[in-house]
Amino acid sequence: MKRILTSMALAAAVALAGSAYAQNLNIVSWGGAYTASQQKAYHDPYMKANPGVKIVNHDLGSGALAKLRAEVESGKVTLDLIDMTAADAIVACDEGLVEQVEPDKWLAAAPDGTPASKDFFAGTLSVGGTNCFIPQIVYSTTFGYRTDAFKGAQPSSLADVFDLKKFPGKRALEKRPNNNMEWALIADGVAAKDVYQMLSTDEGVARAFAKLDTIKDQVVWWTKGAQPPQLLADGEVAIASAYNGRLFSAIIEKKQPIAMLWDWQNFDLDGWVVPKGTRNLAAVKKYLRFATDTQRLADQAKYISYGPARHSSAGRVGKHAELGVDMKPHMPTDPANSKTVLLSNYVWWADHQTELNDKFNAWLAK
Amino acid sequence: MSKTMDEVMRTADGVPLKVSLHKALVRSRIRALLLVLPLLAFLLVAFLLPIGYMLFRSIDNRIVPSIFPRTAVAIQDWNPAGNWLPGEAAFEALVRDIQQAFKDRTLGRVGRRLNYEKPGMSSLFRKSGRRAARITGPPYKEQVLRIDKRWGDVNTWRLIHRESGALTGAYFLAAVDLTLNDRAEIVRQPEARRIYRTLFSRTLWMSGLITVLCLLLGYPVAYLLATLPLRYSNLLMILVLLPFWTSLLVRTTSWIALLQTEGVLNDLMVFVGLITDDGRLQLIHNKFGTFVAMVHILLPFMILPLYSVMKTISPALTRAARSLGATPFTAFVRVYMPNTYSGVGAGCIMVFILSIGYYITPALVGGRTGTFISNFIALHVGQTLNWGLAAALGSLLLVLVLALYLLYDKIVGIDNMKLG
């Protein structure tokens, strides 16, 4: 018995020493190609430079918010850093689940000395009036269409997405009000700057639904980002809204007969938040300083077609690491792609998400 | 006296037999209890506590009174039925609470909580946090009204007044498409926002139909399994169990590949000329898709209890009925079938209860019209983070299941259920 106890104590001591020696950082992200791009651009070089740190990836995707809340409420925070969309980050920040960020203290300046607070795209560090979010990428929800679906003219504008006469065929849209309501109004002729003001009224919401009604029978509603490229590839739909990185992968890597339709793409942000009460705050800050610097953000664009969120990174975006394709024309932020851009009004959505979720789902069920 | 003592039967070591037997009984009871203790502890920790917590979460309303304690007290004796704003004291309490909450970073929680009831509260509190930080002294009311005109709206104060108690019924009301109006009367949600009743009834009737379909399809299969010679029935059993062991996601995705408009089934029908290429059928992303995928996934839960009950029915019973002059049909319906009712009950309850809680499959194949209430519970747990509403929806679902279970017990009798 005594021997067993001794050996157990020894084992525990070794385990403790081991954990003190190799520090684990639990990083949550989206999995798939996206985590792979972070692994190559951020994690691998960081672990090489800091042999004591081991980064463990957790693929929670959109489940991260619920997990974060459960951990913070129970007081046992195991996650160290979470990658989430700006909208989720605002919720997490409002709920007090994440640390406040002091950009210029935490983040590296640009190579020319511009402080981080000026180098990240304007307003992105304080998205929705919060101060918990460190953006990494600009991604967009835009449209892709099958190049073999239409004889003659190909769809080239948002209006074409809603035009079943000129471009017959099924559509795939995300099963939530966000973006769809804005697109419906813009396609119906509302100026982009008036969209949210209009959506704040019952008439505006009714008008958006009336426009969506014109294609309702032809829409397949998706819930997971992997679905729309698959629906396009299978020929299930002719036009689909999708994340631009997923479409890039379908078009360039998998060589599917799909083309991009950038008109009124919705710019959105994805980035880091630090769970409140993480045990490794110092290590997390050190990692963040490295992983969000100018070069690292530019490096990520070698592996996935999302635009880095810093001005100073844009000039360093080069070719795809494996395919050798020039990545600039595939970036949502490329001038040729971003002639018309929809910017989500996060503050407005925080006010109206509950109400519009209800209305949207009631409309869907009809 | 001593004589009667001596008449008591004793064990070899002199203890009265009665005492000794009692001791042995207690010991064996304790042993039995110790054996089930891990299960009881597990049930308590993994089942009862979470359910209790969930039930509580659906009425828990501590956010406003705990983060806005001064305001909650200050507007206690304000009359929400009147048409005037609370006095200076309430505004002073509000400013102090907002300043404190802004410092503690809890203001957003209050804003989000109240925003569930009234769109716009989220931005009002966000805006007020920054501005109220600058207020240092009276007059409070005047300065607060300058921050945003909504602070001058009596309805804003009525809402805070209403939700300043420690418990709330708002989540349960929302879960059945009801709401409180500005006068705190229960009214139906505006028609454009009614969803949950539709979803509850859809979940129930679709689950009911799925159960019936599983029974119709599973009964003959179970009968075959139970009556065929062993070497055939074993093979058949593998066919039943193989999909059962396959990942749920794989099975669901396979149905997408089979049923989609450019999928295998439509291709086949076009090939044999049943439909034209333009007239391909929509077999998935609707109710039909949910039915097919769910029936397939839940079928083993019907077949297995049926099979285990049928296996115990002696073939001699049917033979006896036949020898007494019953036709094969009569013998089956009057003698064989009643013996399987316990399995039918078990299978139906299992399939039905599993079905109303399913959410992955309806989410992937249900499209617009084939999703269940669980999809919305998942939405509120994972995305909107409105756990109160999720808990209320979950509690209602639990109550529904228990009610149906009791109904079943009343009609069929739960003792008649047999899982094997």
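**Entry 1: burial and overall form of chain A**

I began with burial in chain A, where 55% of the 366 residues are buried, buried being under 20% relative accessible area, exposed over 50% and partly exposed in between, with a 1.4 Å probe and protein chains only. I note that this is a predicted model, in which local features need pLDDT of at least 70 and side-chain atom pairs count only at pLDDT 80 or more, while totals for chains, interfaces and linings use all residues. Residues are numbered from 1 along each chain as its sequence is written, chains are lettered from A and ligands numbered from 1 in the order in which they are written, and side-chain values use heavy atoms, with hydrogens and water left out.

For the secondary structure of chain A I found 16 helices and 10 strands, taken as DSSP runs numbered from the N terminus (helices are H or I with at least four residues, strands E with at least two). The radius of gyration of chain A is 22 Å, close to the 21 Å from the globule rule for 366 residues, so chain A is as compact as a globular protein of that length; the radius is taken over C-alpha atoms, and the rule is 2.2 Å times the number of residues to the power 0.38. Its C-alpha trace spans about 80 × 45 × 45 Å along the principal axes.

I then looked up the domains, whose bounds come from an automatic or database domain assignment: in chain A, domain 1 covers 2–138 + 269–330 and domain 2 covers 139–268 + 341–365. The C-alpha centres of these two domains of chain A are 30 Å apart, and 17 residues of domain 1 are in contact with 14 residues of domain 2, contact meaning heavy atoms within 4.5 Å. Of the contacts in chain A between residues at least 6 apart in sequence, 74% join residues at least 24 apart.

**Entry 2: overall form of chain B**

The C-alpha trace of chain B spans about 105 × 100 × 35 Å along its principal axes, and 42% of its 420 residues count as buried. The assignment divides chain B into domain 1 (2–57), domain 2 (63–193) and domain 3 (196–416), and I noted 55 Å between the C-alpha centres of domain 1 and domain 2 of chain B.

**Entry 3: local sites in chain B**

I looked at helix H9 of chain B (residues 154–162), which is mostly covered, with 7 of its 9 residues buried; among them are Trp157(B), Arg158(B) and Leu159(B). The buried residues of H9(B) pack against helix H4 (69–74), helix H5 (88–104), helix H6 (107–115) and helix H7 (121–132) of chain B.

Asn286(B) lies in the loop between helix H14 (264–272) and helix H15 (287–310) of chain B, and at 16% relative accessibility I count Asn286(B) as buried. Leaving aside neighbours within four places in sequence, Asn286(B) is in contact with Val365(B), Gly366(B), Gly367(B), Thr369(B) and Gly370(B).

Last, I looked up Met350(B), which is found in helix H17 (residues 328–357) of chain B and is partly exposed, with a relative accessible area of 29%. From C-alpha to C-alpha, Met350(B) and Ala133(B) are 57 Å apart in space and 217 residues apart in sequence.
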